[in-house]
Amino acid sequence: AIFIYIANRVSPGKWEEIRKTLCHVLIDGKDDRVCQILAESYDNEVVLFLQEVSAAFVGKAKANPTLSSRFGIFLPSSFDGKRNQNSIILISEDFFDLDSGVDVTDCVLSHLEGNFVAAGDLFALSIEDKIGKKYLLVSFHGDSNGLSTRPVLTGLDQAFAAGFQDHLLICGLDANTISQAQDRFHHGVDTFRQHIKGLGMISVWDREEDRFLTTTCSARTSLQMQLNKAVSFKNRFSAASVSLKDWIVAYGSQVDNMFGNFRDNTGARRFVDESLLPTTNFPSDHAIVGCTVCFRENSSAEPSSNTSSTDITGVQFELPPSEKRNDVLAVANGTLYDYWGISENVSFLSKIQDNDNSCSECFPDNTAMPEVLLVGSTPTSSSQLSRQGSNRGMHNSVFFNDFMKGDASVWILFCCRPLSTAICKGWF
């Protein structure tokens, strides 16, 4: 009653409309908006790790035509429909064999010493892709102070060593790490970095030197019960709670590179500095974190014997000096793409170059035929691959016949499609 009285005195006749708007955006319509963001901005991703998910969200995601047609929605067997703090994983149907997915959360939990995880916080999934590579995908939500994150990752490392060494590991987590942890009751970012390094893991933020990099930015008003945590409007940025809490980690021995990392606090794959979360357009109090993970060609999970794929790493081909041309120098000198594909079928690439619809079945529905950007013979070692990021505006065409060599067995194709959905039948 006191809060309502204050609000009505400060803004007579306006508080009720503001309250209705906030309730719709942050409570009643939150799940719908999150589904909309994922369907419009992240429908081409291979894996989406989600934490603090409610049962209502799962229902809405399954009812969303884009999400339900592009992704398999996997839940832990310990999914808690009342607590609404669940970790789940959305997995591309184009890339993975969804029928191969197995919940192995209990295997990971068996290696934890102590009760660090509530029901639904941890989800570990074993699954194979379309060419037989095995993956261990893990989604985890740490406790408020991040103290459970270290023992959970330690247990995950032990579980991996015990039974999943033929898998490729990727873990997306809300570690709840604190950028400026002052005591042992909070898990600091620097401590977390040291811990995963000790486990032989790397993270999406390893190359970021900005100590003020954050994925959360929140400030409490006085219209809540913990008034000792309230921040004045004037100091809403300087006194905000800002931390780097969200991570993607993998084993350094398996990963050649993590690149194209980004944060998004708008829902449109953009990050706006000093934007308090949540907002009316972005109903989460954590930014979305993303990157492309490039696995090593000789990592522990080997391709199945019936595939002709060379390496699905998301990297660019470096042309030998004798084959460089003026119209592809931008590629050789580091112009960045994340639109690519690999094929050993020369006639298949030729058909694409000629826009021959006979190979259109190799691409997902409603996808335009790609444009060949660069073709060349296969590299002899991974060191000849030039790791790149993304520049979606570059479409310099290189004609197929200009690089036709009689002894070439594998050709590299750059096309107008994102890496995350470029893996489909007929390409490998």
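Helices, counted as DSSP runs of at least four residues, are numbered from the N terminus. In the predicted model examined here, Thr149 is found in helix H7, which covers residues 149-163. With a relative accessible area of 0%, Thr149 is buried, since burial is assigned under 20%. Leaving aside neighbours within four places in sequence, Thr149 is in contact with Phe140, Gly142 and Asp143, with Leu173 and Ala175, and with His187 and Phe192.

The chain as a whole contains 10 helices and 17 strands. Of its 428 residues, 47% count as buried. The accessible surface of the chain comes to about 20,800 Å², and carbon and sulfur atoms account for 49% of that area. Among contacts between residues at least 6 apart in sequence, 73% join residues at least 24 apart.

The largest nonpolar core comprises 53 residues. Within this core, the residues with the most contacts are Leu136, Leu137, Leu173 and Trp247. When residues up to four places away in sequence are not counted, Trp247 touches Cys171, Gly172, Leu173, Ala175 and Thr177, together with Val189, Phe192, Arg193, Ser203, Val204 and Trp205.

Packing between helices was examined for H3 and H4. Two packed helices are described by the angle between their axes and the distance between the axes. Helix H3 spans residues 30-41 and helix H4 residues 55-63; their axes come within 9 Å and cross at roughly 45°. The crossing of H3 and H4 is right-handed. On the H3 side the contact is made by Asp31, Asp32, Val34, Cys35 and Leu38, and on the H4 side by Ala56, Phe57, Lys60 and Ala61.

Several backbone features fall in loops. Most residues other than glycine have a negative phi, and most peptide bonds are trans. Against this background, phi of Asn176 is positive, near 55°. Asn176 lies in the loop that runs between strand E7 (167-174) and helix H8 (189-198), and at 6% relative accessibility Asn176 counts as buried. Glu274 likewise has a positive phi, near 55°, and is placed in the loop between E12 and E13. In contrast to buried Asn176, Glu274 is exposed, with a relative accessible area of 59%. The peptide bond from Leu277 to Pro278 is cis, with omega near 0°. Pro278 also belongs to the loop between strand E12 (255-264) and strand E13 (288-295).

A further loop position is that of Thr214, which is found between strand E8 (201-203) and strand E9 (216-218). Thr214 counts as buried, at 13% relative accessibility. Apart from neighbours within four places in sequence, Thr214 is in contact with Val242, Ser243 and Leu244, as well as with Arg263 and Phe271.

Conventions: Residues numbered from 1 in each chain as written. Predicted model: local features only at pLDDT ≥ 70, side-chain atom pairs only at ≥ 80, totals over all residues. Heavy atoms only, no water. Helix = DSSP H or I, 4+ residues; strand = E, 2+ residues; numbered from the N terminus. Buried < 20%, exposed > 50% of the residue type's maximum accessible area, 1.4 Å probe, protein only. Contact = heavy atoms within 4.5 Å. Areas by Shrake-Rupley, 256 points an atom, 1.4 Å probe, with all protein chains shown as cover. Core = buried A, V, L, I, M, F, W, Y, C linked by side-chain atoms within 4.5 Å. Axes fitted to C-alpha atoms, helices over the stretch in contact; angles between N-to-C directions. Left-handed = near helix turned anticlockwise from the far one by under 90°.
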